[in-house]
Amino acid sequence: MTTEAAKILIVEDNPLMARQLEAELNGKGFIITGIARNLTDAVSLMKTQACDLALIDMRLDGPEDGIATAQELLRIKWIPIIYITGEESYEEIAERSQSTFPAAFLEKPIRPSELFVQINLALHNFQAGNLPAAKSVQSEYIVFFTDKEHIQVRQSNIIFIEADGPYAKIYITEEEFKRLYPEKTFNYIYVSPNIGRIYSELKSYFYKLSRKHIINLDHISRLSANQIIAGIHKIPIPEGRRQDLIAKLNVVKSR
């Protein structure tokens, strides 16, 4: 792959800016594999089109921002990410985006010369191995901190995770709970860090349903118009999220 033939995915909800970026990049020999307005569109394009780099605006059309979108894309293919920023706090962005290993940040209004330089540098560093590689082997276990100790939980036994301010509640199978706490009554476990940091460490069968809930797709037993049934738990489906959730599941379609 050469930088002249590099394939770039643009994730930008402003149509005028997206088309301007497309025109400038095409003029420099880059190939635009698609333009997405939100996480759902970006994931769809990533699964169907070859992509070498993603250019992602921090603010998008939908509940998820650019960082959440990048996290989903990197679950599909490990590529360099360049963020487009506006008035966001750099301190907050730098902390929240660490799990995506951003290659660069470009501040609006974007200068074409800086755009081309940063893209070429990101591609060069990625090909040279100067950016972190994808985790080749991800542990089946994940470690959480409770109020007194660290616990190691098997990911496949997590049913869902619920946000609770800066902390989270994890709902696990009864079998896993008894392994961890043989003497305690079966219940959820209160842990840290927050749901955003937890999500970046989870395996690909987890799905961020909303800002409040992450669900294990393998534990869904029933799915209605407005709620998920996972074991004994009922989890509401936010408006507009059902179609994307269905797309994540291995659904046998009727003719």
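The following legends describe several close-up views of a predicted model. In this predicted model, local features need pLDDT of at least 70 and side-chain atom pairs count only at pLDDT 80 or more, while totals for chains, interfaces and linings use all residues. Residues are numbered from 1 along each chain as its sequence is written, and side-chain values use heavy atoms, with hydrogens and water left out.

**View 1**
Helix H1 covers residues 15-27; helices (H or I, at least four residues) and strands (E, at least two) are DSSP runs, numbered from the N terminus. The 13 residues of H1 reach 18 Å from the first C-alpha to the last, close to the 18 Å expected at 1.5 Å a residue. The expected span is 1.5 Å times one less than the number of residues in the helix. Met-17, Ala-18, Leu-21 and Leu-25 of H1 are buried. Here, buried means under 20% relative accessible area, exposed over 50%, and partly exposed in between (1.4 Å probe, protein chains only). The buried residues of H1 line one face of the helix, because they fall within an arc of 100° when seen down its axis; the arc is that of the directions from the helix axis to the C-beta atoms. On the other side of H1, Pro-15, Leu-16, Arg-19, Ala-23 and Gly-27 are exposed.

What covers the buried residues of H1? The cover includes strands S1 (7-11), S2 (31-36), S3 (53-57) and S4 (81-85), together with helix H5 (112-127). Contact means heavy atoms within 4.5 Å. At the start of H1, a side-chain oxygen of Asn-14 reaches to within 3.0 Å of the backbone nitrogen of Leu-16. Such a polar contact is a pair of N or O atoms within 3.5 Å; within protein, one must be able to donate a hydrogen and the other to accept it, and residues adjacent in sequence count only if both atoms are side-chain atoms. Gly-29, which follows H1, has a positive phi near 95°.

Strand S3 is mostly covered, with five of its five residues buried. Leu-53, Leu-55 and Asp-57 point one way from S3, whereas Ala-54 and Ile-56 point the other way. In a regular strand the side chains alternate between the two faces of the sheet. S1 and S3 run parallel and are joined by four bridges; two strands pair if DSSP finds at least two bridges between them. Ile-8 stands opposite Leu-53 in S3. Four bridges also join S3 to S4, and these strands run parallel. Asp-57 stands opposite Ile-84 in S4.

**View 1. Helix H3 and the buried residue Thr-69.**
Helix H3 (residues 66-76) is mostly covered, for nine of its eleven residues are buried. Among them are Gly-66, Ile-67, Gln-71 and Glu-72. At the start of H3, a side-chain oxygen of Asp-65 lies within 3.2 Å of the backbone nitrogen of Ile-67. Thr-69 is located in H3 and is buried, with a relative accessible area of 0%. Which residues does Thr-69 touch, not counting residues up to four places away in sequence? They are Val-11, Leu-39, Ala-42 and Leu-60.

**View 2. The open sheet of five strands.**
The strands of this open sheet have the order S10-S9-S8-S12-S11, with antiparallel pairing. Strands S10 (189-191) and S11 (206-208) are the edge strands, each pairing on one side only. Neighbouring strands of the sheet are turned by 20° against each other on average, direction ignored. For such angles, axes are lines fitted to C-alpha atoms, for helices over the stretch in contact, and angles run from 0 to 180 degrees between N-to-C directions. Strand S9 (residues 167-172) pairs with S10 in the antiparallel sense over three bridges. Ile-170 stands opposite Ile-189 in S10.

Most residues other than glycine have a negative phi, and most peptide bonds are trans. The peptide bond from Lys-108 to Pro-109 is cis, with omega near -10°; Pro-109 lies in the loop between strand S5 (104-107) and H5. A cis peptide bond also joins Ser-192 and Pro-193, with omega about 10°. Pro-193 is in the loop between S10 and helix H7 (195-199). Phe-101, a residue other than glycine, has a positive phi near 45°. Phe-101 belongs to the loop between helix H4 (90-96) and S5, and it is partly exposed, with a relative accessible area of 39%.
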